[in-house]
Structures are given as C-alpha cells and as structure tokens.
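Me: I'd like to learn how to read the places where parts of a protein meet. Could you walk me through a case?

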Amino acid sequence: MKIPEKIEVVNIGLDRFIDAFEDTKTQYANYDWKPPQGDPELLAKLDRLKSSEKVKAANREAYERLNNSQPVLIDVKQAKDVIPQLKEKVIFHAGPPVKWENMCGPVKGAAMGACIYEGWAENIEEAKEMCAAGEIDFSPCHHHNAVGPMAGILSPSMYVWVVKNKTYGNEAYCSLNEGLGKVLRFGAYSDEVIERLKWMEKVLGPNLSKAVRATEDGINISNITAQALQMGDECHNRNVAATGLFLKQLVKLFLEVIDDKKLILELVNFISGNDHFYLNVSMAACKTTADSIAGLKNSTIVSVMARNGTEIGLRIAGSGDKWFTAEAGIPKGLFFSGFTQEDANPDLGDSTISEIAAIGGFAMAAAPAIVKFVGGTAQDAIKYTKEMASITHGPNRKFQIPQLNFMGTPTGLDILKVLDTGIAPFINTGIAHKNPGIGQVGAGLLRAPMSCFKDALNYMEVK
Amino acid sequence: MGIKKNIINKDNNNDSVFLMEIAGNLEKSDGISSASLMMGTEANKDILIQANLLTEEGEKAKENDLIIAIAADSEKILKDSIQKIEHSFENAGSEKQEEGDFKPPTFEAALKTLKNPNFALISVAGEYAAREAGRALDNGLNVMIFSDNVSLEDEIKLKKKANSRDLILMGPDCGTAIIGGVPLGFANMVSVGNIGIVAASGSGLQEVTVTIDKEGAGITHAIGTGGRDLSLDVGGITMSTGITTLEEDPSTEVMVLLSKPPHPDVAKKLIQKAKKINKPVVICFLGSKGFKSEGNITFTSSLEGAGIAAAQLSKGEKISLPEFTVDNIDAMLEKDLNNLLGDNSGNNAGDNKYIRGLYAGGTLCDESIDIMKGSGISPYSNAGVPEKMKLKDSNKSFENSMVDMGEDEFTKGRPHPMIDLSLRNKRIEAEAKDDETAVILFDLVLGYGANPDPAKDMTDTLNKVKDKKILVASVCGTDSDPQNYSDQVAQLEKCGVTVLPTNAQATRYACKVIEEIKAR
C-alpha cells in the first residue's frame with residue numbers, strides 16, 4: 001500500500017468522526033448509511049445479483065422500456081367491451097387478490113355499491129348477502145391490464161379510459177374519476193354515489209368516447225404529465241395542472257362533436273370541479289408503461305406495486321405474475337374536519353402504479369405543496385425525490401423537475417437497491433375511512449414495507 | 001353550547017393541503033371542537049355538511065372563495081382562532097428550512113462527491129461491517145474498520161483481499177489511526193514529524209503518539225491493525241503490510257511497532273521482518289520484559305518507553321528512559337500521604353493498602369498491570385491476566401485491582417467509558433467507600449471521538465471522594481485536542497487529583513504510594 005498524498009474519506013457509520021475531518025480540512029463524504037435489509041444469506045444473494053451481467057442487462061432494458069413507452073389515450077369504452085373477463089357478477093378490485101371476508105371496509109363498501117349500481121342487488125343488505133355468499137367473482141384489476149384508484153372497484157357497465165402504449169402495443173384500462181368526498185372508490189355507496197355513477201355511464205362516458213374518437217391519433221398522456229410536473233403536480237396526489245391541461249384538449253373536442261351547449265357545460269363543469277379528474281387516465285397510462293416490463297427475464301425492477309387495504313403487493317418484472325405481499329401500512333396525514341388518524345383505513349389502491357412509472361411520490365420535488373401532508377417542508381419534497389433516486393435505475397428522460405435543474409424523475413424501482421440501501425419507497429395517497437359507506441377522510445404519506453422486497457429477492461432466479 | 005361560524009374570504013384561492021394543515025393545527029387548540037378551511041366548491045361544501053360545519057353564510061361561497069368554518073366553545077375562542085389563522089397565512093414559509101446538509105444515501109453517491117476517495121472509515125454495527133469493507137476495497141479504497149464483532153474468517157478474507165489490491169485494511173476493532181495528519185476514529189491531534197507507527201492497540205497507539213508529542217517529536221502516520229492482527233490465525237497480515245508501507249514512506253525515519261501480548265510465532269516473524277529494515281525500529285510488545293537494543297531494533301516494555309525512545313531516536317539522541325519526567329515527585333508524595341493519613345498517621349491496620357485502577361483505555365490498563373508486577377504488586381483484573389488473577393466479579397474490586405471498563409461487560413448497551421463516564425464515576429465512589437482502598441488510579445483519554453469535556457463530567461464525583469483517597473491519573477491528550485490537555489489537567493488538579501505526564505508514571509507513582517504506606 002502506498003499512502004496517498006491527501007486522504008479523502010468516506011465515513012460510514014458514526015457521525016462523531018467527521019469532526020476531525022472538518023478540523024483538518026480533509027475532504028470527506030458522510031454516507032447516510034442504513035442497515036441493508038435481509039439476513040446474511042439474502043445479502044449474499046443481493047451482492048450476487050447486483051454484479052450479475054444478466055441482471056444488469058435486463059434492468060437496463062427495463063429502464064429503456066419505461067422511458068420509451070408512449071401512452072396514448074385512444075378511446076373511452078364500457079369496461080365489459082374491452083375486458084372480456086369482466087362479465088355479469090364479476091367485480092375487479094385494487095391491489096393483490098383478496099377474499100370478501102378479508103376485504104377492508106372501503107373495498108367492501110365499494111363492492112356492495114357496485115352490486116347496486118349494476119342492478120344485481122336492490123339494496124345494501126342484499127348486496128352484502130350476495131358478496132358473502134360468494135355470488136360475486138372478485139379479481140384484481142392488475143390481472144386484466146387494468147388499475148383502479150383506492151378501492152379500485154370496476155364493474156362491467158362502468159366506462160374506462162383505454163390507453164395504448166404506442167411503442168409496445170399493449171393497452172391498459174382505468175375507470176373514470178368520480179370526484180372527491182363521498183365516492184365509490186373510497187367505499188361510499190349512498191344514493192348520490194350511485195346516481196353519479198349512472199350519470200357517468202349515460203352521459204360522461206359516451207361523450208368522452210365521442211370526443212376522444214374525434215382525435216386523429218388519440219391524446220398523448222405522457223406529454224400532459226411531463227408538462228404538469230413542471231406546473232406543480234406530481235400526478236398522483238396532485239392533479240390540478242394536469243386536469244386543466246387535459247380539459248384544455250377535451251373542451252375543443254367537445255365543441256367539435258357535441259351540439260348541445262348545455263351538455264358541454266355539464267361535462268366541463270363536472271371535469272373542472274374535480275382536481276383529480278386526470279388521475280385515472282394517468283394511472284392507465286402508467287399501467288401501459290409498467291406492463292411493458294412485465295415478465296422481463298432477470299430484471300429486478302418492480303412492475304406493479306398495489307394495495308387492497310388489507311395487503312400491499314409487488315410484482316417484479318423478472319418474476320412475472322407472482323405477487324409478493326405484506327400487511328398494508330396505515331398512512332399518516334392530514335384529515336378532513338371531524339376525522340382523525342384513528343379513522344384511517346390501511347393503505348389502499350392501485351394508484352402506486354404512478355411511482356412505478358416514475359411520477360407520484362417519486363416526483364415529490366415537483367409538488368412541494370403536498371409534503372404538508374406530513375408536516376414537511378418544501379426542502380423535504382426535494383429530499384424525498386433525491387432519496388428515491390437512490391433506489392431506482394436512473395432518471396427519466398421525459399419527466400423532469402425544473403427546481404432540481406431539470407433532473408429526470410427517479411425511474412425503475414429496483415428491489416436490489418431498496419434492500420441494499422435500506423430505503424423503502426415512498427407512497428403518497430388518499431386516505432379512506434376504515435368503515436364502509438363513509439368515503440375519503442384525508443390524505444397522507446407512508447413507506448412500503450420491506451418484507452415484500454425481501455420475499456421478492458428470495459424468490460428471484462437468474463436464468 | 002358552542003357556536004358555529006363560517007367566514008368567507010372572497011376570491012382567495014389557496015392550496016388545499018396548505019389549508020388542511022392550518023385547520024389541523026387549529027383543531028388541536030382548546031375550545032375548538034372542529035375547524036375547516038376549504039375553497040367553496042360544491043364537493044367541499046358536501047364535506048362541510050358532513051362535518052356539520054356549513055352555515056347559511058358558507059352556502060353562498062363560490063369556488064374561488066375561501067370558507068373558514070369553525071365550531072368553537074365561545075365567541076372569544078372563535079375570535080382568537082381567526083387571528084391565529086391570519087397569523088398562519090402571514091407566517092407561511094417562515095419556518096426554518098434545513099439547508100444543504102445532504103448526506104449521500106448510497107455508497108456510490110458518496111464516492112461521487114469526492115475527487116479522489118482513498119479511505120473508508122467504517123463504524124457500522126459489526127454484522128454489516130465486513131460487507132461495507134468488501135465494497136470499499138472493491139472500489140479501491142483503503143479501509144479502517146472501527147466496528148467490532150467481525151468474524152475472524154471475514155477479517156482474514158478482507159485482509160488478503162486488501163493485500164491483493166495493494167490496499168490496507170485496518171481493523172476490525174481498530175479504534176485509532178492517523179494518516180497524513182488526519183485523525184481517524186478515536187485519535188489525538190499530535191504534531192507531524194518523522195515517526196511512523198503500526199499498532200495492534202487503540203489506546204496504546206494514542207498513548208504512544210501523545211508521548212511522542214510531549215517529547216517534542218512528531219509522527220508521519222499511525223496505522224492501526226485491529227486487536228486480533230497478531231494472533232496466530234491472522235498472522236500479522238496488516239502489521240506486515242504496515243511495516244512495508246512505512247519502510248517505503250520517505251518521510252518516516254523511525255518506526256514503532258506496538259501490540260498487546262502477541263502470539264510468539266507471529267511476533268518472531270514480524271521482528272525478523274523489522275530487522276531487515278533500513279530504519280531504526282522501536283518494538284513494544286506488551287508482556288515482554290525490559291529494555292534492550294539489537295541492531296536497528298530497540299525493545300521496550302512500556303508504551304511510555306516506546307514513545308520516549310522513538311522521540312529520542314527521531315532527534316538523534318541517545319536513548320534514556322527515566323522513571324519520572326517531573327522532578328518534584330517526593331514533595332507530591334508527601335502531600336498526598338499527609339492528606340490520606342493525617343500528620344500523625346491515624347491509619348488503622350488493614351486500611352488504605354490497595355490500588356484500585358479504573359480504566360477507559362484497555363492497553364493503558366495492560367501497561368499498568370505490567371508496571372505493577374515489576375514493582376512486586378500483582379493486581380487482579382477483568383482482562384489480560386492469568387486465570388487465577390481474574391476478578392470473580394468485574395463489578396467488585398479485590399485487593400489490588402485493575403479494571404478495564406472498556407470491556408464488553410461494561411459496554412453492553414451503553415457507550416464506551418471514553419464517551420460516557422457515568423458508570424466509572426459510580427465505581428470511583430464505590431471504591432472511595434472501601435476502607436482498603438488507598439489509591440484510585442485512572443486514565444482520561446482525550447481526542448476526537450471521546451467525551452468533549454471528560455474532566456468536567458468527573459468533577460462532582462472527584463469532589464466527593466478527594467478527601468478520602470489519593471487520586472492519581474494521567475491524561476492521554478495534547479493541547480491541540482478538541483478538549484485541550486492543559487485545561488483537562490487543571491480541572492482534575494482542582495479536584496485534588498495528582499496528574500502525572502504518562503500512564504506509566506501515574507502507575508509508578510501509585511506503586512510508590514503503596515510502598516510508602518507500608519513503610520510507615
């Protein structure tokens with residue numbers, strides 16, 4: 001060993017040792033070390049996969065696909081017309097598979113609401129009996145190229161956004177957003193909820209369909225998202241700018257295809273009255289993007305992260321359809337008047353597909369307004385995004401954050417990096433009341449549990 | 001009965017999350033049963049209705065109007081809360097923003113922040129240390145593992161790996177190193193000079209570097225090897241690399257090799273290697289006896305001896321190792337004995353006859369045991385003594401006792417005594433209550449990593465016991481240390497402690513006290 005002329009030190013562990021470096025003006029980096037996750041055997045596997053050329057190549061490919069995906073809104077259709085499995089008495093839900101008896105309050109509430117909406121049940125009692133008797137086939141949205149926010153309930157008559165990945169040809173679907181407060185996706189099922197769903201089926205869906213079909217090539221969704229990120233949205237929990245940008249395109253189309261001025265006004269009022277209208281189309285776009293890596297051999301990049309209010313589930317590109325699940329955490333956040341943390345349902349919804357496609361919590365720096373959910377500062381928002389950069393493959397080429405010098409958003413959540421750094425991905429989410437029938441009570445933040453990442457690595461095989 | 005009020009701020013558009021935070025804070029204050037700030041959209045009004053907060057006034061709000069809805073116990077509280085809301089709006093953004101303190105979250109990111117990273121200092125929990133060390137070596141960094149609890153197998157593997165990459169691995173359980181004047185881990189700020197050190201002992205290395213500094217010499221590099229390096233299993237891999245490194249280092253003119261009692265085969269091998277070197281080498285392997293010179297090698301048996309000999313060699317002086325480097329020893333002794341025994345020796349038979357040593361530095365404790373044995377006193381201890389001299393209970397002294405309080409039994413679940421002195425303070429008080437105790441002997445280790453003002457943390461304890469027993473100490477540190485040597489010594493002396501320049505001298509002094517008591 002030859003002693004270097006000037007030493008430069010990476011400090012790994014105790015902060016107290018950097019005093020000496022400060023006093024002697026020695027260059028140093030104080031690595032924010034956290035214990036890696038897993039027993040020695042798992043860590044050995046982690047190191048092996050990290051240095052595997054096959055894994056590296058597969059992850060590079062996954063990163064390229066996530067970047068090159070071009071989600072385009074091509075149609076709005078009734079779910080049963082685009083998803084053949086969604087037949088009579090079939091209901092899709094968010095997250096990994098879950099049986100009726102294990103469903104959380106809001107998912108049960110939304111499922112019962114859907115039974116009434118579809119006319120399978122007269123009232124809530126009947127709906128409950130029907131579900132409990134096993135007359136309804138439940139299946140995760142994710143098993144059918146679909147996603148749904150919160151409860152994620154999708155039934156045959158509902159209209160869905162049809163988004164196509166122009167680069168890879170795959171399609172994905174998501175319901176239309178009903179608005180905030182008492183809505184089906186947060187587990188509410190009162191008459192007004194059902195009435196609104198009916199209106200969406202009779203009026204909103206068909207007219208959106210007409211409008212989208214009037215475009216030549218559809219509406220490019222990632223372009224809207226990219227713009228919205230520069231306007232203060234992260235397009236998961238804040239969609240104000242994106243909804244405005246989307247509406248800008250829709251208004252023109254409505255004027256082209258609809259003669260009835262009052263109808264246009266009705267449509268525009270509904271859309272502009274809901275700052276989250278864009279969320280669902282964005283989620284469908286994220287799903288087409290994420291599906292481009294599903295089943296990609298040897299890749300350790302996460303292709304699905306979703307919650308059903310009971311469990312959170314992951315799917316890894318390289319392990320195909322296999323779910324890795326853990327108990328869903330409870331988000332901490334801000335609550336509407338009259339509600340408290342006590343009322344919060346565990347983490348819920350497919351909307352974390354946003355993070356898998358490099359927006360949402362990973363793009364928090366773009367939307368400092370919403371770190372207030374956990375009493376954070378604008379500085380924290382930047383910290384979250386930088387932190388997520390350390391557990392993802394690389395920066396996004398399309399989604400950029402101006403206040404980070406146009407750094408691309410963290411893209412390609414890698415289980416190896418999660419376990420290596422001990423940093424769990426960060427989720428921002430709406431919060432449903434834990435009981436059925438009440439609806440949204442707040443919004444907040446949490447981190448995904450480590451155990452499902454460990455299980456995923458345990459299962460992964462390099463071929 | 002409470003009152004409910006809606007106030008509308010016309011055309012006052014605000015971010016909903018910002019508003020929720022204000023409302024949330026308001027709801028925490030006394031006398032407010034509920035509060036909500038929302039823009040007057042239809043959806044928001046529904047939420048207010050659900051919360052039973054919407055009034056006729058609120059109904060009139062338009063979507064760009066802010067509704068402040070409050071249910072309070074009294075008009076007064078309501079008025080106050082509106083003021084609070086105004087205050088929240090005015091003070092938004094004034095909360096302290098944490099600036100800059102970005103710690104790289106990954107090893108790779110940490111590397112990228114440096115121009116030419118060449119060392120990693122690892123102090124994570126032992127079970128993770130080997131993995132971090134392996135990664136640092138793979139990235140071309142020399143490594144110091146401060147952490148303990150690294151397996152022997154990992155240690156050997158890592159040391160071989162370091163050698164194959166022409167790097168050095170210091171540790172595991174390496175407490176101290178100084179490379180190019182930069183203190184790593186628990187180290188003192190000592191003068192730069194021409195003496196290079198390789199040491200299999202943390203506090204030993206500190207004592208030797210500090211002694212060299214006191215003698216007016218200085219060091220080039222001090223390489224730590226970790227406590228197990230000179231075991232038969234490891235075979236002195238790092239010390240051997242260290243010798244070669246210092247041999248090739250042009251600024252190193254004198255070399256010191258230092259170890260707790262090594263395995264004889266390993267010691268022999270390293271001595272052979274040192275003999276072939278074209279520089280004077282001072283070797284202090286504790287447990288060996290006496291002072292001797294052979295060719296380029298000088299053997300010493302104490303840390304102090306190693307430090308002084310190296311300093312003298314470095315200045316081209318003849319080696320001479322005095323018993324004390326202060327000249328008023330007899331006067332000090334007289335004063336201490338008078339304080340303890342009184343003018344007319346009211347000493348009860350059987351009282352005041354033992355040394356109780358309470359140490360933070362493990363090798364300092366070892367050095368003291370060696371010196372005491374040389375003076376015909378065989379102390380019991382919890383470390384580094386043959387089985388028959390082991391203390392049955394580390395928490396209870398027996399006859400002459402030397403306790404290394406840095407050993408596992410004292411540090412499980414609490415910081416090392418160089419950082420947290422509370423356990424040792426308690427022990428000092430306990431020893432002071434024991435009639436058989438004559439001298440309480442201790443060390444105070446300064447430097448980076450150590451307690452920022454250890455003497456101050458001892459003041460209360462020392463003042464309680466100073467009239468009961470003779471307190472003898474040495475302070476391992478320099479005036480350039482963050483704690484300042486002179487200041488620490490002055491604080492101890494103010495509490496009646498007799499402070500000697502080195503641990504060896506403090507120990508010799510303690511032995512003299514015992515001899516004198518016996519003689520009287």
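Reply: Let's take the contacts inside one chain, then those between two chains. Keep in mind that this is a predicted model.

Me: Fine. Into which domains is chain B divided?

Reply: Chain B has domain 1 (3-91), domain 2 (107-314) and domain 3 (329-519). We'll look at domains 2 and 3 of chain B, whose C-alpha centres lie 28 Å apart.

Me: How many residues of domain 2 of chain B are in contact with domain 3 of chain B?

Reply: On the domain 2 side of chain B there are 23, and they meet 28 residues of domain 3.

Me: Which residue forms a salt bridge with B:Glu304?

Reply: B:Arg508 does, with the closest N and O atoms 2.9 Å apart. The count between domains 2 and 3 of chain B is 1 salt bridge, alongside 18 residue pairs in polar contact. Next, ask which elements do the touching. On the domain 2 side of chain B, β8 (182-185), α8 (202-214) and α11 (303-314) each supply at least two residues, and α8(B) has the largest share with 8 residues. By residue type, that side divides into 8 nonpolar, 10 polar and 5 charged.

Me: Now the two chains. What is the area buried between chain A and chain B?

Reply: About 5400 Å², of which 62% comes from carbon and sulfur atoms. Here 58 residues of chain A are in contact with 63 residues of chain B. A:Met1, A:Glu8 and A:Phe17 lose the most area on the chain A side, together 15% of what that side buries.

Me: How many salt bridges are found across the interface of chain A and chain B?

Reply: There are 5; one of them pairs B:Arg131 with A:Asp420 at 2.8 Å, N to O. Chains A and B also share 23 residue pairs in polar contact. Several elements of chain A each supply at least two residues to the side touching chain B, including β1 (9-12), α2 (40-50) and α14 (415-421). That side of chain A has 29 nonpolar, 15 polar and 14 charged residues.

Me: Does β1(A) run parallel or antiparallel to β4 of chain B?

Reply: Parallel: 4 bridges join β1(A) to β4 (residues 119-122) of chain B. To find your place there, go to A:Asn11, which stands opposite B:Leu121 in β4(B).

Technical notes: Residues are numbered from 1 along each chain as its sequence is written. Chains are lettered from A and ligands numbered from 1 in the order in which they are written. This is a predicted model: local features need pLDDT of at least 70, side-chain atom pairs count only at pLDDT 80 or more; totals for chains, interfaces and linings use all residues. Side-chain values use heavy atoms; hydrogens and water are left out. Domain bounds come from an automatic or database domain assignment. Contact means heavy atoms within 4.5 Å. A salt bridge is a side-chain nitrogen of Lys or Arg within 4 Å of a carboxyl oxygen of Asp or Glu. A polar contact is a pair of N or O atoms within 3.5 Å; within protein, one must be able to donate a hydrogen and the other to accept it, and residues adjacent in sequence count only if both atoms are side-chain atoms. Ala, Val, Leu, Ile, Met, Phe, Trp, Tyr, Cys and Pro count as nonpolar, Asp, Glu, Lys and Arg as charged, and the others, Gly among them, as polar. Buried area is the accessible area (1.4 Å probe) that two parts lose on being put together, summed over both. Two strands pair if DSSP finds at least two bridges between them.
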